[in-house]
There are 2 protein chains.
Amino acid sequence: MAADIVAIAKQFTDFYYSTFDTNRASLGSLYRDTSMLTWEGQPIQGRDSISEKLTSLPFASVQHKVTTSDVQPIQNGIVVYVTGLLVVDDSTNPLQFGQVFNLTQEGDSFFIQNDIFRLNYG
Amino acid sequence: MAADIVAIAKQFTDFYYSTFDTNRASLGSLYRDTSMLTWEGQPIQGRDSISEKLTSLPFASVQHKVTTSDVQPIQNGIVVYVTGLLVVDDSTNPLQFGQVFNLTQEGDSFFIQNDIFRLNYG
């Protein structure tokens, strides 16, 4: 694994959230059949099911703004914890969110093995 | 690994936060020399350094109230993502926090390999 995990994490989160905000349907390529997503407490497993969940979320437009991003090495990868703001359908009242990724290295790239997402209500 | 990871996660978070709130000095037993903590962006490695950090946090009393807890299996362990409220020194204005643990199984118990803590300001 490359030494600069901070750069890897930033590259990943930049790509993940810009893809989420512009072309959710293509997020599936970041997951594998073993991948797990827990979305607001709902467990979903496998690339196809996760992709279906993400594309069927009930909002037309969404924008993620990352506030903090922390990273640590794990076995064969990194863990990334992101907090930030979510602007849904141009609402003037952004929601706080937190998201955890365990990324597994595969050759020169990474896939999402574990993904846990939560909105934090104030 | 036992099948009921939800029960394991609950047992862990109950123990961790009750110990944090009543006897911080003994949290060190949950970490190993390889363990990593990122506390509000500050990286700390190893049981002794982590224990020192946790015991030197500048508040006299603290109480954690868990709002959500999500768990998924990982290699040799589980990942747990907790959100909740932190009441510091009996303040009437609790702080929101988020915390990620990657727990590694060791015989019949688990230690904390990765720990990332963030306060979420509203």
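Student: Start with helix H2 of chain A. What covers its buried residues?
Tutor: The cover includes helix H1 (5-22), strand E1 (31-39) and strand E2 (42-45) of chain A. Covering here is by contact, meaning heavy atoms within 4.5 Å. Helices (H or I, at least four residues) and strands (E, at least two) are DSSP runs, numbered from the N terminus.

Student: Before we go on, what are the ground rules?
Tutor: This is a predicted model: local features need pLDDT of at least 70, side-chain atom pairs count only at pLDDT 80 or more, and totals for chains, interfaces and linings use all residues. Residues are numbered from 1 along each chain as its sequence is written, chains are lettered from A and ligands numbered from 1 in the order in which they are written, and side-chain values use heavy atoms, with hydrogens and water left out.

Student: Back to H2(A). Which residues are buried?
Tutor: Ile50(A), Ser51(A), Lys53(A) and Leu54(A), in a helix that runs over residues 47-55. They span an arc of only 160° around the axis, so they sit on the same side of H2(A). That arc is taken from the directions from the helix axis to the C-beta atoms. Buried means under 20% relative accessible area, exposed over 50%, and partly exposed in between (1.4 Å probe, protein chains only).

Student: And which exposed residues are on the face turned away?
Tutor: Asp48(A) and Glu52(A).

Student: New topic. How many aromatic pairs over all chains?
Tutor: The search finds 20. Rings of Phe, Tyr and Trp (its six-membered ring) pair if their centres lie within 6.5 Å; planes under 30 degrees apart are stacked, over 60 edge-to-face, the rest tilted.

Student: How are Tyr16(A) and Tyr17(A) arranged?
Tutor: Their ring centres are 5.2 Å apart and the planes stand at 90°, so the pair is edge-to-face. Tyr16(A) and Tyr17(A) are buried. They belong to one aromatic cluster, with members including Phe12(A), Phe20(A) and Trp39(A).

Student: What about Phe97(B) and Phe117(B)?
Tutor: Stacked, with 5.8 Å centre to centre and 15° between the planes. Phe97(B) is in strand E5 (residues 95-106) and Phe117(B) in strand E6 (residues 109-120) of chain B, 20 residues apart. Both of these, Phe97(B) and Phe117(B), are buried.

Student: On to the interface. How much area is buried between chain A and chain B?
Tutor: About 2200 Å², with carbon and sulfur atoms giving 49%. Buried area is the accessible area (1.4 Å probe) that two parts lose on being put together, summed over both. The contact takes 26 residues from chain A and 27 residues from chain B.

Student: How many salt bridges between chain A and chain B?
Tutor: Two. The rule wants a side-chain nitrogen of Lys or Arg within 4 Å of a carboxyl oxygen of Asp or Glu. Asp70(A) pairs with Arg118(B), closest N and O atoms 2.8 Å apart. Asp70(B) and Arg118(A) also meet in a salt bridge, at 2.8 Å, N to O. Asp70(B) lies in strand E3 (residues 62-74) of chain B and Arg118(A) in strand E6 of chain A, so that pair joins two chains. Asp70(B) and Arg118(A) are buried.

Student: Where in chain A do Glu106(A) and Arg32(A) lie?
Tutor: Glu106(A) is in strand E5 and Arg32(A) in strand E1, so their pair ties together parts 74 residues apart in sequence. Their salt bridge is 2.7 Å, N to O. Glu106(A) is partly exposed at 36% relative accessibility, and Arg32(A) is partly exposed at 23%.
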